[in-house]
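Opening the notebook on a new model today. I'll go through a few spots one by one and jot down what turns up.

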Amino acid sequence: MGMNLAVHHLKAIVALADNLNFTSAAAELGVSQSALSRAIAEAERRLKTPLFLRSTRHVDLTPDGRAVVSVAREAVAQMEANMRHIEGYLSGQRGRVTIAALPSLAATLLPPVVHEFHRLHPAVDLRVEDVLSGKVADMVSNGEADVGLTADFGQATGIEKCVIAEDTFTLAVHRDNSLADAVSIEWRELAGVPLVRFSSGSSVARAVDAALADAGVQTPPAVQARNVAAVAGLVASGLGVAPVPAFVRPLMDFAGLHFVPLIPARTRQISLIRHHIRPMTPAGRAWVETLHRVLPASYADSAGIAWRGP
């Protein structure tokens with residue numbers, strides 16, 4: 001361990017090798033000339049070899065000194081790079097952020113937030129995992145994701161939520177469907193109407209089930225699909241109609257559907273969730289701050305979407 005050199009020894013060696021003058025090297029390091037001399041002498045003692053030839057007028061490297069300087073220079077550069085990385089991490093400019101989100105939110109709510117965050121924090125590795133609502137909460141709970149965006153996360157433990165938005169349900173219908181001309185449709189009028197349903201694992205399915213139950217409605221056996229595009233395609237084919245929340249609607253535009261307001265209005269709460277104890281990384285906190293700043297402006301005039309964030 002006698003050859004172990006500290007960072008200040010390495011910096012002193014490199015500075016003196018670059019300047020070959022104690023006064024200039026000390027000024028470069030911001031230390032006194034005597035402190036520099038002690039650091040060089042200590043380094044030579046630990047290495048058990050002279051690194052510099054000194055005279056009253058001249059300083060030069062020994063052969064061993066030249067070999068040591070090349071290693072010291074690389075070590076100092078790597079250390080400074082690591083310190084910059086730590087500084088960037090602590091300032092939120094580096095690191096990784098993983099967001100678990102419902103597929104519909106990943107495709108509609110997240111893009112303006114991701115775009116702005118990437119502009120401000122280009123060195124942060126940002127990852128979006130689009131999964132169903134139960135999986136969103138699980139990923140946040142077990143640490144796979146820093147934060148989650150979901151509508152219904154059941155009974156996941158260790159989770160705290162912040163409701164950031166609400167979106168309202170409308171009825172997606174084929175333009176040739178007789179319901180397409182209605183100004184609005186009551187939930188109770190869906191009794192006996194063929195429905196295209198989201199699969200039972202989705203937050204949309206649970207919200208629709210609750211609305212139909214409150215209206216005392218029973219519907220015929222429904223066609224079910226998990227993917228938003230699949231639901232849109234099935235409705236467009238005339239197989240049925242589909243109650244859908246506002247954040248889902250942009251993903252169905254390709255199918256040329258018509259959307260009719262459902263009354264009484266039913267909304268779905270969109271929550272930002274995180275672990276209630278596990279601390280967030282600086283980059284994670286920066287991402288949440290970006291979300292709260294960007295979303296109110298992005299959805300201020302969006303039909304069926306109301307911002308509920310702080």
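Before the first entry, a cut-off I need: I count a polar contact when a pair of N or O atoms sits within 3.5 Å, and within protein one must be able to donate a hydrogen and the other to accept it. Also to keep in mind: this is a predicted model.

**Entry 1: Thr 281**

I looked up Thr 281 and found it in the loop between E12 and H10. Its side chain reaches the backbone nitrogen of Gly 284 at 3.0 Å, so the pair falls inside the 3.5 Å cut-off. Is Thr 281 buried or exposed? Its relative accessibility is 18%, so I log Thr 281 as buried.

**Entry 2: the core around Trp 287**

Next I went for the nonpolar residues. In general, nonpolar side chains in soluble globular proteins tend to be buried together. Here the largest nonpolar core has 38 residues. Which residues have the most contacts inside this core? I get Leu 109, Leu 110, Leu 149, Ile 164, Ile 270 and Trp 287. Elements giving two or more residues to it include strand E3 (96-101), helix H6 (110-120), strand E6 (159-173) and strand E12 (267-275). H10 gives the most, with 7 residues.

I then picked Trp 287 and left aside its neighbours within four places in sequence. Trp 287 is in contact with Val 97, Ile 99, Leu 110, Val 113, Phe 117, Leu 126, Val 147, Leu 149 and Leu 272. Apart from this core lies another one, of 33 residues, and among them I noted Val 173, Val 208, Ala 211 and Val 217.

**Entry 3: H1 against H3**

For helix H1 (residues 7-19) and helix H3 (residues 33-47), the axes come within 9 Å and cross at roughly 110°. That angle makes H1 roughly perpendicular to H3, because 65 to 115 degrees is the range for that label.

Which residues meet there? From H1 I have His 8, His 9, Ala 12, Ile 13 and Leu 16, and from H3 they meet Leu 36, Ala 39, Ile 40, Glu 42, Ala 43 and Arg 46. Sorted by class, the contact has 7 nonpolar, 2 polar and 2 charged residues.

**Entry 4: Leu 61**

Leu 61 sits in strand E2 (residues 59-61). With a relative accessible area of 14%, Leu 61 is buried. I checked its partners, not counting residues up to four places away in sequence: Leu 61 touches Ala 17, Leu 20, Leu 51, Phe 52, Arg 66 and Val 69. For Leu 51, which is 10 residues apart from Leu 61 along the chain, I get a C-alpha separation of 5.9 Å.

Leu 20, one of the residues Leu 61 touches, has phi near 50°, a positive value in a residue other than glycine. Leu 20 belongs to the loop between H1 and helix H2 (22-29), and at a relative accessible area of 34% Leu 20 is partly exposed.

Lys 48 also has a positive phi, near 60°. I placed Lys 48 in the loop between H3 and strand E1 (52-54). Lys 48 counts as exposed, at 68% relative accessibility.

Last one: which peptide bond is cis? I noted the bond from Ile 263 to Pro 264, with omega near -5°. Pro 264 is in the loop between strand E11 (258-263) and E12.

Methods:
Residues numbered from 1 in each chain as written. Predicted model: local features only at pLDDT ≥ 70, side-chain atom pairs only at ≥ 80, totals over all residues. Heavy atoms only, no water. Axes fitted to C-alpha atoms, helices over the stretch in contact; angles between N-to-C directions. Helix = DSSP H or I, 4+ residues; strand = E, 2+ residues; numbered from the N terminus. Parallel < 35°, antiparallel > 145°, perpendicular 65-115°, else oblique. Contact = heavy atoms within 4.5 Å. Nonpolar A, V, L, I, M, F, W, Y, C, P; charged D, E, K, R; others polar. Core = buried A, V, L, I, M, F, W, Y, C linked by side-chain atoms within 4.5 Å. Buried < 20%, exposed > 50% of the residue type's maximum accessible area, 1.4 Å probe, protein only.
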